[in-house]
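This report describes selected features of the model shown below. It covers surface patches, sheets, a salt bridge and some backbone details.

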Amino acid sequence: MDAKDILGLHKNSFPSSLEKKSRPPKESHRKPDGISREVYALTGGMPPLMPSIHSSQLKKKPLPPEKVTWQWLPFTNSARKDDLHLYHWVRVVNGVLPTGDYSFAKYNKSVDIIKYTEEEYEKYLTDPMWTKDETNELFDLCERFDLRFVVIADRFPSSRTVEELKDRYYSVLRAILLARAASSGDVATHPVIKDPYNVSQEMERKRALSMVLSQTRQQEKRDEEVLIEAKRIAELRMASKVTEQSQLVVASNADAEVTEGAVPGETIPPSNVQLTPFTDNASTLASLRMLRVYLRTYALDQMVQASNSSAGVRTIKRVEQTLQDLGVNLKPRVPTKAVCAEHLELRKEILTWLNLQKQVQYKEAEGSSFRDGSYSEPPGTPKDRTFTLDSINFGVSSERVVKKDQKRKAHGTPPTAAHKRPRKQKASDF
Amino acid sequence: MPNTSSSKKHCQDQPQLSGPIPKSHMAKSEENKKNSGKKLKDVEISVPIVYGNIAFWLGKKASEYQSHKWTIYVRGASNEDLGVIIKRVVFQLHSSFNNPMRVVDAPPFELSEAGWGEFEIAITLYFHSDVCDKPLNLYHHLKLYPEDENSSMSTKKPVVVELYDEIVFPDPSEAFLARVQNHPAVHLPRLPAGLTLPPPIPVEDASKRRKGDTKDNPLSQWFLNFSEADELLQLAAARQQVQAHISKLKRQISLIEGQHKQLKSSDQ
């Protein structure tokens, strides 16, 4: 009661429990029987929220428990066609047997297979490939095995494939449905009518599936490669279409930008298609062959990009510098087929030359490491040592005196230990 | 053109149907029948072209908006008629021009205009249907003012910028090949052995056709010469130099390797 005052709740707002429904409304002030006044006061003078056990209930005698016995009794199964009586344990409550059918009988579902009459067969269902007997046999098996065609095919007297059986069954079904229907519209929504069974498609599908399943690893890899190639070619074609359409747009936009005076705008290289650079020369050639028409300068550009892709930016700059030093135009002025071929060969040779220069540097550094003998551990692969040495020596600018070099070459003997630093060879040396 | 070529094929059919024919002749025509419509794999047709512009300063007659008279063009590298290959050329000019898309339907493929500004012109080449069904784009930056800013502009000497390039058809159709096999504008490689082409269709009365080549073009005096010989010589010389360097370095490397071997053996 005090708690309620604190909370400020109305005294009689609590709904009374079921047990106390019969009590008069003034029960809050009346102490119920069975519990002492103090205990009642604990709940705030109101009946508790949880139904409590009334003392009178405790005084009552408990209900006698249900008498459950188990009996070994016969039973029948409505799903069975014969009159088989089997026995099983049955839970009997208070002498009352459970009623109802055998509990598992309801699971005996079967498919409704249509039954055609002789007449119908003669009229609609004759087929050169199937005899009447076979068709009857098929339908009988369908009934027995609930349209499980794999089993049916197994049991079919003459050897027919699953697809043939299915085809026959579905076409018979379709014919019957159409024949029995009042109008063709009635059965149009029936799945057999709407999506008829397609024998050839099914056979093809199964064949393809089995092929995929039985593919060896090698075949898988080959297929993947072919698909990637095909995708690449498709993308090429798509890219060329897209860029062709946007070419004019790009051109007109470019025109809009260049208006006044002698603005030396950059000429966009003439190209039919803007492709990402290929690393392989052969693939570049292949991609060029894919184009119906292209400009020689474009082809040259692609090939140069391909050969450059395997080299770093610095190397490319060195190649171009070398070309200039040799007095060759970076882009040939008269790009005929022969000229372009020569140009590409020249570039390749310059790359070889630069690589050889690097090799010489490495070898020389290697040589000096041999002479040093300052490495206590047994010599590892020459490569390792060269690299460590190089990290020390590179970045150190060296002024090589030509004399020393000539001396070394003339004598052909191992150079002095002082000669450690690799020499950067320049074109002017030769 | 396609019509006449098909009629040619028809003529070839007839000797086959009638009477006994010498075996070699029959084999040839059969081969031709097989090959017709097929694309040849190892033959590549290239058409050398030169494109660019010539611009004349109008001098006294120049106005604010028309200071130069310029011509942009695409011509055969040796001034041959490109009409065998190219059906029409579309020059896309700056949007400030009236009708910026100019179409030239017949050779010589050139366009003259007057203006004051330099801009990029998109040149689209459309080929005949048996040549290629995809157009090709070229871009040329119109140049009116001479490189050297100090040199005075003269009305007599134009500014000429020409660029050489080659149109390459990697997989030409046989019909195309047959049509152009002897045309001077087109470069054909040697045909693979055993390949016979039907003889080129005799062209209509030459006098009736309009002259499409640029040999007698009024501007031809300004055309630049592009000879691959110079470039080839240049490249050959450069290659020789580089090859010499390469062999030198190779010798050096083998020398060093020999030295290393010596060192190694001396250590052990």
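W72(A) lies in strand β1 of chain A. In this predicted model, W72(A) belongs to a nonpolar patch on the surface, together with V68(A), W70(A), Y87(A) and W89(A). The accessible area of these residues together is about 630 Å². Two elements of chain A, β1 (68–75) and β2, each give two or more residues to the nonpolar patch. The largest share is that of β1(A), with three residues.

Opposite Y51(B) stands L163(B), a residue of β8(B).

The other open sheet consists of four strands of chain B, ordered β4-β3-β6-β7, and its pairing is antiparallel. Why do β4 and β7 of chain B each have one side without a neighbour in the sheet? Both β4 (101–104) and β7 (136–141) stand at the edges with a single partner strand each, so one side of each strand is left without a neighbour there. On average, neighbouring strands of this sheet are turned by 20 degrees against each other, direction ignored. Strand β3 of chain B (residues 86–92) runs antiparallel to β4(B), and four bridges join the two. F91(B) has R102(B) as its bridge partner in β4(B).

| Strand pair | Direction | Bridges |
|---|---|---|
| β3(B) and β4(B) | antiparallel | four bridges |

Salt bridges are the next topic. Side chains of opposite charge can pair when their charged atoms come close. Over all chains, a search of the whole structure finds 25 salt bridges. One salt bridge is formed by E44(B) and K337(A), whose closest N and O atoms are 3.0 Å apart. This pair joins two chains, because E44(B) lies in the loop between α2 (23–35) and β1 (45–57) of chain B, while K337(A) lies in helix α15 (residues 337–372) of chain A.

Two backbone details remain. Most residues other than glycine have a negative phi, and most peptide bonds are trans. N94(A) is not a glycine, yet its phi is positive, at about 55 degrees. The place of N94(A) is the loop between β2 (86–93) and α4 (118–125) of chain A. In chain B, P107(B) and P108(B) are joined by a cis peptide bond, with omega about -5 degrees. P108(B) is in the loop between β4 and β5 (109–115) of chain B.

Terms used
Residues numbered from 1 in each chain as written. Chains lettered and ligands numbered in written order. Predicted model: local features only at pLDDT ≥ 70, side-chain atom pairs only at ≥ 80, totals over all residues. Heavy atoms only, no water. Pairing = 2+ DSSP bridges. Axes fitted to C-alpha atoms, helices over the stretch in contact; angles between N-to-C directions. Patch = residues over 30% accessible without salt bridge, like charges linked within 9 Å, V, L, I, M, F, W, Y side chains within 5 Å. Areas by Shrake-Rupley, 256 points an atom, 1.4 Å probe, with all protein chains shown as cover. Salt bridge = Lys/Arg side-chain N within 4 Å of Asp/Glu carboxyl O.
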